[in-house]
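New page in my notebook. I'm going to look through this structure step by step and jot down what I find.

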Amino acid sequence: MSTPAPSEPAAASALPRLLGTPRRRGLLVGGAILLGLVFLFGGDSWLTILDYTLVAGVGALSLNVLSGYTGQISLGITFFMGIGAYTTTLLGGDRPMHSGDPVGLALPFVIWLPASGLVAALAGALVGPVALRLKGFYLGIVTLALVFIGQFLFKRLTFVTGGDAGRTAPSPSIGSWSFANPDPIFGIQLTSNQVYFLLLVLILGLSSLFVGNVMRSRAGRAFQAVRDNEVGAAIMGVNLLEAKVGAFILSSFLAGIAGSLWVAYPAFSHPVPQIWDLVLAIQFVAAIIVGGVASIWGSILGAAFVFGLPSALDQFSLVPQSAGGEGIATGDLNALIYGVMIIVFLLFEPAGIIGLIRRVQALGRRLDDRRKGGEFATAPRPNPATPDADDGAHVAPELDT
């Protein structure tokens, strides 16, 4: 059996591990406790914001697979989300009662949710080969065109979408147990927002673990090689067509799942084609820039800042309004917030919030080293054969993007 090349373990360890270090596990436990408190005592207002953020997190993760890890500029995420959303309404929607009603097959949740991702992935496989001939600005224009093509199709295919008036989307259910009107679980009555929150945490967690494992695999290393240098990747034996199409398929699958969850959420139970527009696509681009490109946690944090924070400002009326109505409108402030964040992070911290966190971690380590500087100055050089010699080897991968 041949041994792997020395560069393979190094490349794998350089990737951020979702649960890889004690610090990350501690932060995860702390975050889980905080979410648990909001789940139990936050009320429907906070849960609505969290649910919205979790769905956006799946969408941001899908875009980060394509643009962050593979380096393919894309503005077409809302096109694939729309395909996933209308696959959901077609397969899970109610059967038409009158002539002219949109078509629905009333299939169960366990069918229409994965099918939404698969149909969107099929669309991504059709678009993916274009990335082999185009890249950079030109690929961005092609994916931008998908948004306008999607708007045209979603408004015209009224038998599926309901046209400009929209149509009712199905609510997730397992047998006779519905997420919209949940029955008590072991005698405990949960609200619709609470059970949907549990579903979204599960889906986002599984999606994050899956993407993290893919990016540590041979396919994921091929994605990143294409991002860093296509010519070099081809010389190393990477099949550019397989890598780019694979990235489009995985990204589109997650986008389709995000679109399905978006319309199935009770607060968005009447989807209209205008949802899947360029503004929403730019918000997702802002999310991965602010959170951090090529980072799973960056996708989640970016969704929280770009989608969750403005929603909180809007929900709780945190924006002061003048008596004459001359204050800043909440929607304008939302656009201002993520617009300013994009500029600030691009200028001062291109790695996003994750990069800022890593800078703080590195500063903390340097301060620790200075406090112990006298000991290090007089200590003999460690033997490379001992485990202690590897202590510094684990710092660079954590700081690496």
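Predicted model: local features only at pLDDT ≥ 70, side-chain atom pairs only at ≥ 80, totals over all residues.

Which residues touch the most other members of the largest nonpolar core? I looked them up: W262, W276, F284 and F307 do, in a core of 87 residues.

I picked F307 and listed its contacts, skipping residues up to four places away in sequence. F307 touches Y52, A56, W262, L280, Q283, F284, A287 and G302. Two names on that list, W262 and F284, were also among the residues I noted for the core.

**Entry: the whole chain**

Next I zoomed out. I found 18 helices and two strands in the protein chain. Of its 401 residues, 45% are buried. The chain exposes about 20400 Å², and carbon and sulfur atoms supply 68% of that. I also checked contacts between residues at least 6 apart in sequence, and 72% of them join residues at least 24 apart.

**Entry: α3 against α12**

Then I went for helix pairs. Two packed helices are described by the angle between their axes and the distance between the axes. I started with helix α3 (residues 43-69) and helix α12 (residues 240-264), which pack at about 165 degrees with axes 8 Å apart. Angles over 145 degrees count as roughly antiparallel, so α3 and α12 are roughly antiparallel to each other. I noted a left-handed crossing where α3 passes α12.

Who meets whom here? On the α3 side I wrote down several residues, including Y52, V55, V58, L61 and V65. Across from them, the α12 side includes F248, L254, A258, L261 and W262.

I stayed with V58, which lies in helix α3. Is V58 buried or exposed? Its relative accessibility is 1%, so V58 counts as buried. V58 touches L204, L254 and A258, again leaving out residues up to four places away in sequence. I also checked V58 against L261: they are 203 residues apart along the chain, yet their C-alpha atoms are separated by 9.3 Å.

**Entry: α10 against α12**

Last pair for today. Helix α10 (residues 218-228) and α12 have axes that come within 9 Å and cross at roughly 105 degrees. That makes α10 roughly perpendicular to α12. In α10, I found A222, F223 and V226 meeting L240, A243, K244, G246 and A247 of α12. A247 was also in my α3 entry, as one of the α12 residues that meet α3.

Technical notes
Residues numbered from 1 in each chain as written. Heavy atoms only, no water. Core = buried A, V, L, I, M, F, W, Y, C linked by side-chain atoms within 4.5 Å. Buried < 20%, exposed > 50% of the residue type's maximum accessible area, 1.4 Å probe, protein only. Contact = heavy atoms within 4.5 Å. Helix = DSSP H or I, 4+ residues; strand = E, 2+ residues; numbered from the N terminus. Areas by Shrake-Rupley, 256 points an atom, 1.4 Å probe, with all protein chains shown as cover. Axes fitted to C-alpha atoms, helices over the stretch in contact; angles between N-to-C directions. Parallel < 35°, antiparallel > 145°, perpendicular 65-115°, else oblique. Left-handed = near helix turned anticlockwise from the far one by under 90°.
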